[in-house]
Amino acid sequence: MLKRFLLCLTLTLPVWAWKPVTHMSLAEIVLRDLLDDGLISIYRVSGEKVGDFPADPELLAAVRAYPACFRAGVLGPDAYPDIATGQCIIHPEQSQGGSNAWLEYLWGRAKGLPAGPHRQQCLAWTCGFLVHAAGDMYAHDYINQFSGGDFELGQNAIKHIVLEGHVASRTEMNFPYDASIAGIEDFIYDTCVNAADNPDLRERLLIGPETSKSIPAEFSALRRKLDSDIAEYYRGSRLNPIRAAQCTYKEHWRDDIMQGLRAWPATSHAVACALFFNAAGTARVEEAQAILERYAKEHLLSMAGAPDAAGKFLSIADEVAEAVLPKEALARLKRWKNNLLLELVQSGTGIDLRMYKQYMGQPDSHFDQFLGMGSVGSGRKINMADFDAQELGLSGLTFDYHRFRPAYNTVAMTRLIFLSRESVNGVLAGLGSNARLTKDNAMLGFVAKLDGSRQWDGNAEKMVVASDPVVYTRLFFP
Ligand SMILES: [Zn+2]
């Protein structure tokens, strides 16, 4: 817990396992297999084909119609509802039921929508989110061997960044940079941001000691407080003109918070594209900074207690704000407006954005220094040339997922995500297993934390294939 706290305190961006482009590249392999004929090919690790299985018809239709929403979903909680909330609350085990609770919740909400294009868009995005989870599951387990363990400050952090950056630089960019959440901002707002109106978020998902890092959590709580103050005023006599003015002020404040939170998903999407999903392949820090500065000016300032209508209420503004929230809490909300990017990505010590850009931008020139045989810190040591040959199985510029085990496992799991329950059970039966999927999707029911090790079989609930260890070794590398 302490480690997790330090992690979020010091920096949140680089705690990836696959960088977003690697997530995307592996997803694309399965997407192509899916879209050519609606069938998913399942293979043994030996390369022998188990068979072609029909995809879940609804997922197939959704992803076929809205591939850009699917790709946005593949960015997953690295991007949505924002970097800090995803990193500090959705990836680790913070919620009741851990990361799986989020996956099940998003899936349930998408499946609960009325039939039509909007449901398809939301389902495509949610499906992408599950695919992200599959990638994290295998990548975190792998990267931790070299970094010496779960992310922590210092040497370990740099190992993470350099290794993930290196794998990304050897990834085939086989996909278009077209991720989009146009049309589903409201779904992301409802399911990941607006905890004020959503008891699931408030009571079991968007919770834990890290919520002070989360704009959705903090401002939803503030909105609830304002709502209750406003309701209380209307229950009273309403004769006091000062209290009337205070209430009007609070109503403006509340409205600005709602507007700002509504704008949050689109803002986060733009930031994610600038930082880690653009065709230039570089972290466009300045662009992200500009997007967030605009957000701070247009929304955060007023959300943190200076509503747009504040001019009219100048005389009472401070007094009202301090009556609503203690001074320290207000100051905490206001800190965001100063440097939102820094707050989201990093705060304080460890690695700053400039270093991050440097290590991430040129991971190869730092590989041997931080991961090589002579490097310091714990974890398996390997020089870049050996890593490329032995681990990535590199013969050209980019790795072939068949030869790079965690990438292979990610692809194998992604294939199962697209299958209907009947098809998954068909695969299991065909391999002689008695295990059966009872959940709606093979990716649901077992991941306690997206950034943990051995999530497929390390928890009480296991991934359906992993519940039969013999069959597991036929479909996945150890
Ligand atoms: Zn992730």
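pLDDT is the predictor's confidence in each residue, from 0 to 100. The legends below refer to a predicted model.

**View 1. Confidence along the protein chain.** The mean pLDDT is 89. A value of 70 or more is reached by 91% of the residues. Residues 1-14 have pLDDT below 50.

**View 2. Domain 1 against domain 2.** The domain assignment gives domain 1 two segments, 2-182 and 356-475. Domain 2 spans 205-345. Their centres, taken over C-alpha atoms, are 33 Å apart. Domain 1 puts 30 residues into the contact, and domain 2 puts in 26. On the domain 1 side, the elements giving two or more residues are α1 (2-10), α4 (67-75), α5 (83-90), α6 (98-111) and α18 (353-361). Helix α5 gives the most, with five residues. By class, this side of domain 1 has 21 nonpolar, five polar and four charged residues.

**View 3. Helix α4 and its cover.** Eight of the nine residues of α4 are buried, so this helix is largely enclosed by the rest of the structure. The buried residues are P67, C69, F70, R71, A72, G73, V74 and L75. The charged R71 is therefore among the buried residues of α4. Cover comes from elements including α2 (20-37), α3 (57-65), α7 (117-147) and α13. Just after α4, G76 takes a positive phi of about 55°. Helix α4 also gives two or more residues to the side of domain 1 that touches domain 2.

**View 4. The bent helix α14.** Helix α14 covers residues 285-303. At A296 the helix bends by about 45°. Buried residues of α14 are A288, I291, L292, Y295, H299, L300, S302 and M303. An α-helix has 3.6 residues a turn, so residues three or four places apart point the same way. Elements that cover the buried residues of α14 include α11 (215-235), α12 (241-262), α13 (264-276), α16 (327-338) and α17 (340-345). Just after α14, G305 takes a positive phi of about 115°.

**View 5. The hairpin of β1 and β2.** Strands β1 (residues 39-43) and β2 (residues 49-54) run antiparallel. Five bridges join them. Y43 stands opposite K49 in β2. Five residues lie between the strands. In this hairpin, G47 takes a positive phi near 105°.

Key. Residues numbered from 1 in each chain as written. Predicted model: local features only at pLDDT ≥ 70, side-chain atom pairs only at ≥ 80, totals over all residues. Domains from an automatic or database assignment. Contact = placed C-beta atoms within 7 Å. Helix = DSSP H or I, 4+ residues; strand = E, 2+ residues; numbered from the N terminus. Bend = angle between axes of the 7 residues up to and from the residue. Buried ≥ 20, exposed ≤ 12 C-beta atoms within 10 Å, placed from the backbone. Pairing = 2+ DSSP bridges.
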